[in-house]
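Have a look at the structure first, then read on.

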Amino acid sequence: MDDLYREVIIDRYQNPRFRGELDPHDYSYQDDNPVCGDHVRIDLRVDENDTITEAKFSGEGCSISQASADLLVEKITGMKLEDVRQLGKADVLELLGIDLGPVRLKCALLSLKVLKGGVYGLDDVMTLDELAAS
Amino acid sequence: MTISPQAGPLDVDKIRADFPILHMEASPGVKLAYLDSGASSQKPLAVIEAMNTYYRSQNANIHRAVYTLGEVATEAYEAARAKVAKFINASKPREIIFTRNATESVNLVAQTWGRANLKEGDLVLLTEMEHHANLVPWQMLAAEKGIRLEFIPVTEEGILDLAALPALLEQKPKLVSFTAMSNVLGTITPAAEIVRLAHEASALAMIDGAQSVPHLPTDVQALDVDFLAFSSHKMLGPTGLGVLYGKLDLLNAMPPFMGGGDMIKRVELRSFTTNEVPQKFEAGTPAIAEVVGLGAAVDYLMAVGMDAVAAYDHELTAYALERLEEVQGLKVFGPGIEHKSSNASFTFEGAHPHDVAEILNRHGVATRAGHHCAMPLHNKFGIPSTTRASFYLYNTKEEIDQLIEALYKVKEIFG
Ligand SMILES: Cc1ncc(COP(=O)(O)O)c(C=O)c1O
């Protein structure tokens, strides 16, 4: 009936491929979207060349927040950290394959915010509002 | 604060005609079912026009104006204060203080009465079903002054556990502050009884009336409550305006809240004396047009009759509960209809509340998803969030049917 709930989103929400935690890990970061109570944590393992060898996400929230986390974690597995730093809003929207209104956009971008928080360290993280406007 | 079953019926078609926004389409061809009045109500033309008229022909700053327009504005502002006093049966208009919202009203009490009268170790008794507005101001005071907080528990069913109250009152709280109607569970609490028990234990009593005042008849003298906080925007009035009712002797004894113009009698370079109540608590230029709008809202509600409003809200809520029960996988929180009115919060198996609200929106149904500013209550029930449908005098059973049909669409997508 509607684009927002494309099969890929429902499928990733109901059967995530990358849900879990990594122990030990090289990077771990988590954050909330206070508007709707979405929560996402991402754990990464990285080799000596700064390439992500393994990534997992955990948390709870709406289909958009959880599906985008699953898709994003899949995408970054095998990527170099410096390339992960270049990822932006457009990449997440491309993974989801939908256009989102301002509220749901924040659900979708939570995992990107978490990823950047983990990879950049705290100082560089944009707020969800800034990410959404980027 | 009870529901009187013998109230005369309310003519919802006639009421709906007064609310322009209800006739909009949610999207082309889709009727809007506005089921989010618990967050903010819609406004009747009478309110919109009262504010319009104010700005077109009455606008000037109030008090101290010698010219006619200033007098007209002052009269309009003070007339609205008198209407609000009458609406909750306060004995004097001076007991009505205008604030920005219910939240500010609670903060006013915490920051003035609380700071002046509470010391380290003193107890403030709240409940587990409070909105953050009647929780965080006390937590802030606890951090600042070391006061203690205790909570009347909420039962599994979603009502206050009054059996726990005597032991809590034995700890001699200085204040019992509680909601008269839960914005999540719809629970109507036994306000008069709690106030009476608080007084017997020599505590003051404050009611968070943000939900109850719009939906139930309120008589502060019959309740004998010391403070009552509520918001204009949930009772057909404009945003940016709240009310604090307080007993005059308490208000007189309290220190001022914010400092500035209007709240003073005399000012020297290093000192001031405070003005009388209520100006003592209304520093600076208030929301004059909004106060005039609230006066019109109160006129509107009194013309319909709060008994009729309460009976109608209750009837809609009963119908909603009955229909929601039909939907498999859906769980409504809160007590049965005998303790409840005006809203229904629920979870849907397999679908996050945010997704539910999104799909409902696509079918024209405006609901709210989240923790509804009551995170501790959601934690208590072990859920992060719910979807809430809330009802008011202009809603119809057809809109609830529209909600139910849309919920079946959620089931199709997430089932
Ligand atoms: C029970 C209750 N208390 C307090 C408030 C706060 O109202 P306001 O945001 O208008 O200050 C609300 C509003 O959601 C409420 O439902």
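1. A residue counts as near the ligand if one of its heavy atoms lies within 4 Å of it. There are 13 residues around the ligand, and B:Thr103, B:Asp208, B:Ser231, B:His233 and B:Lys234 come nearest.

2. Keep in mind that this is a predicted model: local features need pLDDT of at least 70, side-chain atom pairs count only at pLDDT 80 or more, and totals for chains, interfaces and linings use all residues. Residues are numbered from 1 along each chain as its sequence is written, and side-chain values use heavy atoms, with hydrogens and water left out.

3. On to polar contacts (pairs of N or O atoms within 3.5 Å). An oxygen atom of the ligand is 2.5 Å from a side-chain N or O atom of B:Thr103, and an oxygen atom of the ligand is 2.7 Å from one in the side chain of B:Gln211.

4. How much of the ligand does the protein cover? The figure is 88% of the 390 Å² of accessible area that the ligand has on its own (Shrake-Rupley method, 1.4 Å probe).

5. Chain B is assigned domain 1 (49-303) and domain 2 (305-414), with bounds from an automatic or database assignment. Their C-alpha centres lie 28 Å apart.

How values were computed: Chains lettered and ligands numbered in written order. Polar contact = N/O pair within 3.5 Å; in protein donor to acceptor, adjacent residues only side chain to side chain.
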